[in-house]
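Please keep the sequence and the model side by side while reading.

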Amino acid sequence: MESQKKFSPTYSFELFPPQSELGVEKLRVARKKLAQLKPKFFSVTFGAGGSTRERTLETVLEMQSEGYSVAPHISCIGSTRKNICSILETYQAAGVQQLVALRGDIPSGMAQAGEFRYASELVKYIREAFGQAFHIEVAAYPECHPQARSYKADLENFHRKMEAGADSAITQYFYNADAYFYFVESCESMGLSVPIVPGIMPINKFSQLVRFSDACGAEIPRWIRKKLEGYGDDTASIHAFGLDVVTEMCERLLKEGAPGLHFYTMNSSELTSKIWQRLGI
Ligand code: FAD
C-alpha cells in the first residue's frame, strides 16, 4: 500500500442520470445534501452504447452550471469517434476538467461494438484529441473483471489504460478489503504508482445488491449474504448491519492508506451520509 500513502485522500460521490421528472427533482435534493459533505467531485454515469447520452449531458451541464465539480463517465462501446468527440467538446466548453473513461458493456440487441473495443483505446483517443484537457479516471477491478481471461490479463489491461494516459482509478465495489490491498500491491509490483480509490457501495436492498453483484462480478462474502438474507424485508436491520460492515471496511481501507473513497450513492444521500459521519471525514 506504500504507493497510495503519498496521495492526499479524495472523496467523491457517484450519481446516475434520472429517467423521470420526479427522479430529476429527487436528485437535485440528494446532491444538495451530499454537497454539504464537500466531496472533491461528483461523477455521473453514462449508459452503455450511449443509452443515457442526453440525460447524462443534461445532468452534467446542470450541475456544472450550479458550480459543482463534475466528472462525467463516458463509455465507448457502440460509439464512434465523432460521437465521443462531440460529447467531449460539449464538456470542455462547459468547463468540465475530469472524466471517468470506460468501455461499458454492449447492450443486448446491439450488434456493433463500434470504433473502440476497450477503455484503453478510448483513453488513448482522448489524449490524442484533447491533450491534457481532462484528468482521466479509469475503472479498476480488485476482484477481477468478469470477462477477463485471467487475473494477470486484467492487471495487464489496467496497466495498458495507465500507459494510454489515465491519471487515476476508481475500483468496482467490493466487501473484501484484502482483495483491494492485493490488487494495489500487484499494481506496485508492475511499477504502477497511481491513486486507486476504492469504490464503496452502501448496502440498501438485498435483492438489488445481489442483482448488481452478479452482473458486475463483485463478491458478496457468504457471511454477509447469509446475514442479509436472514433479515428478509426488515429494511432497518439490513441498513444497520450494512452500515456497520461498510463503515468498518472503510475505516480499515483508510487506515491502511487508501487514497480516499468513491461512494456509489444510487442518487440517495441517506446511507452515504451516515457512513461519512461515522467515519468522521
Ligand atoms: P476495459 O478496461 O476495456 O476492460 C473490459 C474487459 O476487457 C476486461 O475483462 C479486460 O481485462 C478486457 N480487455 C481489455 N483490453 C483487452 C485486450 N487488449 N485484449 C483482451 N482483453 C482485454 N458502465 C457503464 O455502462 N456506464 C458507466 O457510467 C459505468 N461507470 C463505471 C464506473 C466505475 C468506477 C466502474 C468500476 C465501472 C463502471 N461501469 C460503467 C461498468 C463498466 O463499463 C464495465 O465493467 C465494463 O464491462 C468494463 O469497462 P472497463 O472500462 O473496465 O473496460
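**The ligand site**

The model is predicted. The shell around the ligand holds 24 residues, and Phe46, Asp105, Tyr141, Asp154 and Lys161 come nearest. By class, the shell has 10 nonpolar, 8 polar and 6 charged residues.

| Residue | Protein atom | Ligand atom | Distance |
|---|---|---|---|
| Phe46 | backbone N or O | nitrogen | 2.6 Å |
| Tyr141 | polar side-chain atom | oxygen | 2.7 Å |
| Arg160 | side-chain N or O | nitrogen | 3.5 Å |

On its own, the ligand has 980 Å² of accessible area, and the protein covers 86% of that. Helix 6 (151-163) and strand 6 (168-173) are the elements that give two or more residues to the shell. Helix 6 gives the most, with 4 residues.

**The strands**

Strand 5 covers residues 135-140. Is this strand enclosed or open? Of its 6 residues, 5 are buried, so strand 5 is largely enclosed by the rest of the structure.

Strand 5 pairs with strand 4 (residues 98-102) in the parallel sense, over 4 bridges. Here Leu99 stands opposite Ile136 of strand 5. Strand 5 also pairs with strand 6, again parallel and over 4 bridges. Glu137 has Ser168 of strand 6 as its bridge partner. From strand 5 the chain crosses through helix 6 to strand 6, and this β-α-β crossover is right-handed.

Technical notes: Residues are numbered from 1 along each chain as its sequence is written. This is a predicted model: local features need pLDDT of at least 70, side-chain atom pairs count only at pLDDT 80 or more; totals for chains, interfaces and linings use all residues. Side-chain values use heavy atoms; hydrogens and water are left out. A residue is near a molecule or strand if one of its heavy atoms lies within 4 Å of it. A polar contact is a pair of N or O atoms within 3.5 Å; within protein, one must be able to donate a hydrogen and the other to accept it, and residues adjacent in sequence count only if both atoms are side-chain atoms. Accessible areas come from the Shrake-Rupley method with a 1.4 Å probe; for residues, only the protein chains shown count as cover. Ala, Val, Leu, Ile, Met, Phe, Trp, Tyr, Cys and Pro count as nonpolar, Asp, Glu, Lys and Arg as charged, and the others, Gly among them, as polar. Buried means under 20% relative accessible area, exposed over 50%, partly exposed in between (1.4 Å probe, protein chains only). Two strands pair if DSSP finds at least two bridges between them. A crossover is right-handed if, with the strands pointing away from the viewer, the path from the first strand over the helix to the second runs clockwise.
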